[in-house]
Amino acid sequence: MSRATTEPSKEIQKRIRRIRGLPTLPPVVQKISEMVKSEKVSAEKIGKTIGQDYALTAKVLRLVNSAFYGLGGRVSSITNAVVLLGFNVVRGVVLSASVFELMDRGIVGLWEHSLGTAIASGVIARALYVPEPEEVSVAGLLHDIGKVVVPVKMPETYHKIREIIEHTTLSIGEAERQVLAFDHSRIGMWLADEWNFPPNLTEPIVYHHTPALAKEARVQTAIVHLADILIRAKGFGFGGDPWVPEIDQEAWNLLGFSIKELEEIVFRIGEEIFNVDGLDWRDDTPA
Ligand SMILES: [Fe+2]
Ligand SMILES: [Fe+2]
């Protein structure tokens, strides 16, 4: 990992640290975040709360029905989704459905990159028989959520990061560290904190570029790390720079795939992406 080569402005650090949630999130997102902290909340109550926001409900249902293998068309209500997928998965989907426009406003193609990583994470998780593969898919969906904050809240700073990416061979993470002294993984950690995510979601967000540092969710983190790289290699969406990073040796060993198995996985990812690729994600909600 490269070190920051310039001393970051203290002011920039302060401004980023003040962002304790994403900008312009609908109030319902905060509400369900509060609700799931309470033990007693029911799937029905969560369903009703999200259901008040029609546009969000439509996006969440569409995402659930197409991004999660085997659920195609079966999930007709948010309550249903909570029962089938659990609170954490639904919270993650609500969060990403709420920011998907912000994602593309900041980095065009980041939404496809995130969706592709979610699908690839699910394929890999199922190949390994990891329990709750949907949770791993959501971790993939959210892994780069930290990339949304800087372009939206600090466009001048993001412009500097873009300049570096365009004129050097640095990755987006390296460019972010050069300008800010930290990268989107750290911002993702603050957001995951804010949302009280469990380690199965937080660690893949924080360590997807450094999977060997994961402690409690090592397999899930290694899966999202590999999924992110495979999606970049496929050229699906845009992760913020044109490079395909190397697969971390430790993560690769942990997953234990043969080259033949990897080929099979890449093939399945291609098939599943083909099935959702036809959807126009920007046109899915009534105005
Ligand atoms: Fe990343
Ligand atoms: Fe990524």
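Mentor: Donors here are N, O and S atoms within 2.8 Å of the metal (3.2 Å for Na, K and Ca), and water is not among the atoms, so sites may look incomplete. This is a predicted model, in which local features need pLDDT of at least 70 and side-chain atom pairs count only at pLDDT 80 or more, while totals for chains, interfaces and linings use all residues. Residues are numbered from 1 along each chain as its sequence is written, ligands are numbered from 1 in the order in which they are written, and side-chain values use heavy atoms, without hydrogens and water.

Trainee: Which residues are the protein donors of the iron ion (ligand 2)?

Mentor: The donors lie 2.1 to 2.4 Å from the ion. Their spacing in sequence is H-x29-H-D-x83-D. They are His113 (NE2), His143 (NE2), Asp144 (OD) and Asp228 (OD).

Trainee: Which residue coordinates both the iron ion (ligand 2) and the iron ion (ligand 1)?

Mentor: The iron ion (ligand 1) is coordinated by His184 (NE2), His208 (NE2), His209 (NE2) and Asp144 (OD), at 2.1 to 2.2 Å. The two iron ions are 3.8 Å apart. The residue that coordinates both is Asp144.

Trainee: Is Asp144 buried or exposed?

Mentor: Buried means under 20% relative accessible area, exposed over 50%, and partly exposed in between (1.4 Å probe, protein chains only). The relative accessible area of Asp144 is 0%. Asp144 is therefore buried.

Trainee: How many residues apart in sequence are the parts tied together by His184 and His208?

Mentor: Along the chain, the donors of the iron ion (ligand 1) follow D-x39-H-x23-H-H. His184 lies in helix 12 (residues 184-194), and His208 in the loop between helix 13 (199-207) and helix 14 (218-234); helices (H or I, at least four residues) and strands (E, at least two) are DSSP runs, numbered from the N terminus. The pair therefore ties together parts whose separation in sequence is 24 residues.
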